[in-house]
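Subject: The structure you asked to look at

Hi,

Have a look at it first, and then read my notes below.

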Amino acid sequence: MTFMPKNPQTGLDRILTLELVRVTERAAVAAARLRGRGDEKAADQAAVDAMRTELNRLPISGTVVIGEGERDEAPMLYIGEEVGVGEGPEVDIALDPLEGTTICAKNLPNALAVIAIAERGSLLYAPDVYMEKIAVGPGYPEGIVDLDAPATENIENLAKAKGVPVSEITACILDRPRHARLVEAVRATGAAIRLIGDGDVAGVIHTTDPEETGIDIYMGIGGAPEGVLAAAALRCIGGQMQGRLQLNTEEKLARAAKMGISDPNKVYRMDEMASGDVLFAATGVTDGNMLAGVKFGRGAIETHTIVMRSSSRTVREIKAQHQDLDKF
């Protein structure tokens, strides 16, 4: 007798989950060789080259929709670049071969190699600009935070939903001069702030496990590529996120229009930035709250990766020991 599964597999082939791990592992190892050397460009280029090589081995017809920049700015892994062997599922790809270039150059915590893939047409196709973001983890009523609401209101609503005083809420914000008023407003509520120098994909993901990371909410303006990657991760692990592109010049408006964005003030929900069946993987480059960094030992390299899938809500941690060093 033949037994059929109750829910036949749809969307992306689950075998791609492990294939994706290899992509971020290779990029992370390449970047980790340059940790603490003070050369952001060299570390980023090493990660880009490694990720591109591994991507072009995947059984996919992939298009980079969030990449290292637009075609005239990035020689490899630019927005619109085709990757993969050209056979298999047609997918959109969002990637950041080295999320936290400054972090890696200074050998500080939370540098990652990150990638997300989704069914064609499922990831926000946006120019490489800034994005205003707000994000919280799972377990809260829908709409608990709102990008258009004052920071005070968002913090107070979150504290009420969590059942704690505002003083027990911690917001993660990029340490940038543009956030001076936001920092002032959050502190005026009595909430705490975790300022980070870089790495806002990790910052958003940290909201999903406040007991471990100490972060309840992410707020502020960072890169749009990181915003889409963070939305892809939250689609897999749970949470809420909103984002609005910062199209504050005619040149940026024109670039966005070419990509089909007609409303420059639109607030994108998480499922508008990343929908359908999504796979997300991140490998630690430097040690952090979520992932350990690459470790180089005698005759082996150790990596620590998290890989997630939205359709099954599966989250896997993979600690790998690589003894065949030639593959890197």
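Let's begin with a term: a salt bridge is a side-chain nitrogen of Lys or Arg within 4 Å of a carboxyl oxygen of Asp or Glu. With that rule, a search of the whole structure turns up 16 salt bridges.

Two things to know before you go on. This is a predicted model, so local features need pLDDT of at least 70 and side-chain atom pairs count only at pLDDT 80 or more, while totals for chains, interfaces and linings use all residues. Residues are numbered from 1 along each chain as its sequence is written, and side-chain values use heavy atoms, with hydrogens and water left out.

**The whole chain**

The protein chain has 10 helices and 14 strands; these are DSSP runs (helices H or I, at least four residues; strands E, at least two), numbered from the N terminus. Its radius of gyration is 19 Å, close to the 20 Å that the globule rule gives for 328 residues, so the chain is as compact as a globular protein of that length. That radius is taken over C-alpha atoms, and the globule rule is 2.2 Å times the number of residues to the power 0.38. Along the principal axes, the C-alpha trace spans about 55 × 55 × 45 Å.

Of the 328 residues, 55% count as buried. Buried means under 20% relative accessible area, exposed means over 50%, and partly exposed is in between (1.4 Å probe, protein chains only). As for contacts (heavy atoms within 4.5 Å), residues 24 or more positions apart account for 69% of those with a separation of 6 or more.

**Salt bridges**

Arg120 sits in the loop between β4 (112–119) and β5 (130–136) and Glu90 in strand β3 (residues 90–99), so the pair ties together parts that are 30 residues apart in sequence. Arg120 is partly exposed, at 39% relative accessibility.

Next, Lys295 and Asp287 form a salt bridge at 3.5 Å, N to O. Both ends are partly exposed: Lys295 at 37% and Asp287 at 45%. Glu272 is partly exposed at 24%, and so is Lys266 at 27%.

**The sheet**

Which strands make up the open sheet, and in what order? There are six of them, running β7-β6-β8-β5-β9-β10, and the pairing is mixed. The edge strands are β7 (192–196) and β10 (268–269), each of which pairs on one side only. Two strands pair if DSSP finds at least two bridges between them. Strand β9 (residues 240–245) and β10 have two bridges and pair in the antiparallel sense, with Gln242 standing opposite Arg269 in β10.

Now look at the helices lying across this sheet. Helix α4 lies across β5, β6 (170–174) and β8 (217–223), at about 140° to β8. Helix α8 lies across β5, β8 and β9, at about 25° to β5. These angles run from 0 to 180 degrees between N-to-C directions, with axes as lines fitted to C-alpha atoms (for helices, over the stretch in contact).

In helix α4 (residues 151–162) you can pick out Asn154. Is Asn154 buried or exposed? It is buried, with a relative accessible area of 2%, and beyond its sequence neighbours up to four places away Asn154 touches Ile134, Ile144, Val145, Asp146 and Ala149.

**The cores**

A nonpolar core is a set of buried Ala, Val, Leu, Ile, Met, Phe, Trp, Tyr and Cys residues joined through side-chain atoms within 4.5 Å. The largest one has 47 residues, and Met241, Leu245 and Phe280 touch the most other members. Helix α8 (residues 224–237) gives the most to this core, with nine residues. A second, separate core has 36 residues, including Ala27, Ala43, Val64 and Ala113.

Last stop: Ala31, in helix α1 (residues 15–32). Ala31 is buried, with a relative accessible area of 0%. Leaving out residues up to four places away in sequence, Ala31 touches Ala43, Ala47, Leu98, Cys104 and Val285.

Happy exploring!
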